[in-house]
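Trainee: I'm new to this one and would like a close look at a single part. Could you walk me through the helix that sits by the cavity, with some background?
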Amino acid sequence: MPNVKITGLVRASLTVVIVIVALMLSFGLLPSAIANEKCLRIAFPEITGNEDVLKGAKLYQQDMATAGQCIHPVLIPLNRSTTELDHGSLDGIFGWTEDLTALVKVPLLRSNNPVLEVPVFLVTRDPSVRSIKDLKQQVLGIWLGFDWAKQVSRDHENTVEVPGGPVMMQKLLFAGRIDAMLVDGYSYSEMLDVTEFTATVLQENKVYSWLRAEHRSHLATFNAGIDLYRQRFDEWAPN
């Protein structure tokens with residue numbers, strides 16, 4: 001009799017497990033869990049006074065989950081993200097240009113496709129300024145930690161690096177503390193009224209998502225998530 005009771009209990013337990021697995025399959029939960037159980041810590045830029053980064057991080061997280069990759073967004077000041085990536089407290093970075101490999105000491109994997117393609121704007125209070133060369137001794141603000149901005153402005157001596165990002169630079173521009181600033185197209189689109197200022201496109205940047213090289217086994221689902229994220233914005237874009 002005891003053997004019969006145990007066998008019945010096991011059979012009942014297996015039935016419950018099968019039902020749960022069937023439900024998970026019907027809702028598409030099991031493939032994601034099996035595909036990549038590790039939740040990757042991905043850095044997103046912490047921008048003073050801008051909540052849209054968090055909204056974008058949640059969309060990115062949703063699209064990654066749909067592709068079968070768990071990620072945990074980490075909001076962090078831009079200038080700290082490369083250091084934390086080196087130390088291993090981050091597994092990857094949401095968006096950086098291809099110069100990232102020169103800024104860190106660990107091997108990296110780049111996404112197949114850009115996560116964003118954005119123009120670089122020079123915003124200035126002087127309408128005659130259309131390039132970095134035109135600035136002369138005027139003060140140019142760049143976002144602390146954004147290496148592409150350093151590269152674009154490398155021939156200009158009077159440059160200040162601003163923590164807090166584009167929102168803080170805009171305040172300094174309005175207050176007359178700086179004469180111009182370099183921002184990407186996304187930041188420019190989120191700014192307050194800058195109609196009194198002149199904005200000139202200097203170049204186009206391709207921005208990629210990155211992983212530390214030891215996460216190569218996650219790269220396929222990571223790329224699939226980025227493709228979904230890109231598709232979301234391609235569908236929203238006007239024809």
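To start with, what share of the contacts in the protein chain with a separation of 6 or more comes from residues 24 or more positions apart?

Mentor: That share is 71%, where a contact means heavy atoms within 4.5 Å. Before we zoom in, bear in mind that this is a predicted model, where local features need pLDDT of at least 70 and side-chain atom pairs count only at pLDDT 80 or more, while totals for chains, interfaces and linings use all residues. Residues are numbered from 1 along each chain as its sequence is written, and side-chain values use heavy atoms, with hydrogens and water left out.

The protein chain has eight helices and nine strands; these are DSSP runs numbered from the N terminus, with helices being H or I of at least four residues and strands being E of at least two. Of its 239 residues, 44% are buried, meaning under 20% relative accessible area with a 1.4 Å probe, protein chains only.

Now for helix H4, which covers residues 78-87. Its buried residues are Leu 78, Ser 81, Thr 82, Glu 84, Leu 85 and Asp 86. They pack against six strands: E1 (40-45), E2 (71-76), E3 (92-96), E4 (108-110), E6 (140-143) and E9 (198-212). After H4 comes Gly 88, with a positive phi near 90°.

A cavity here is a set of points on a 1 Å grid over the protein atoms alone where a 1.4 Å probe fits but cannot get out, and lining residues have an atom within 4 Å of a point. Searching the whole structure turns up one cavity of 30 Å³ or more. The largest cavity holds about 50 Å³ of space, a volume being the space filled by probe spheres set on grid points joined across faces, edges and corners. Leu 78 and Ser 81 are among its lining residues, along with Ala 43, Phe 44, Ile 76 and Trp 96, among others.

Cys 39 and Cys 70 form a disulfide with sulfur atoms 2.1 Å apart, the cut-off being a pair of cysteine sulfur atoms within 2.5 Å. Cys 39 is in the loop between helix H2 (30-35) and E1, and Cys 70 in the loop between helix H3 (52-67) and E2, so the pair ties together parts 31 residues apart in sequence. The torsion about the S-S bond is about -60°, so this disulfide is left-handed.

Notes: Buried means under 20% relative accessible area, exposed over 50%, partly exposed in between (1.4 Å probe, protein chains only). On a 1 Å grid over the protein atoms alone, a cavity is a set of points where a 1.4 Å probe fits but cannot get out, and a pocket is an open set with protein on both sides within 12 Å along at least five of seven lines; lining residues have an atom within 4 Å of a point.
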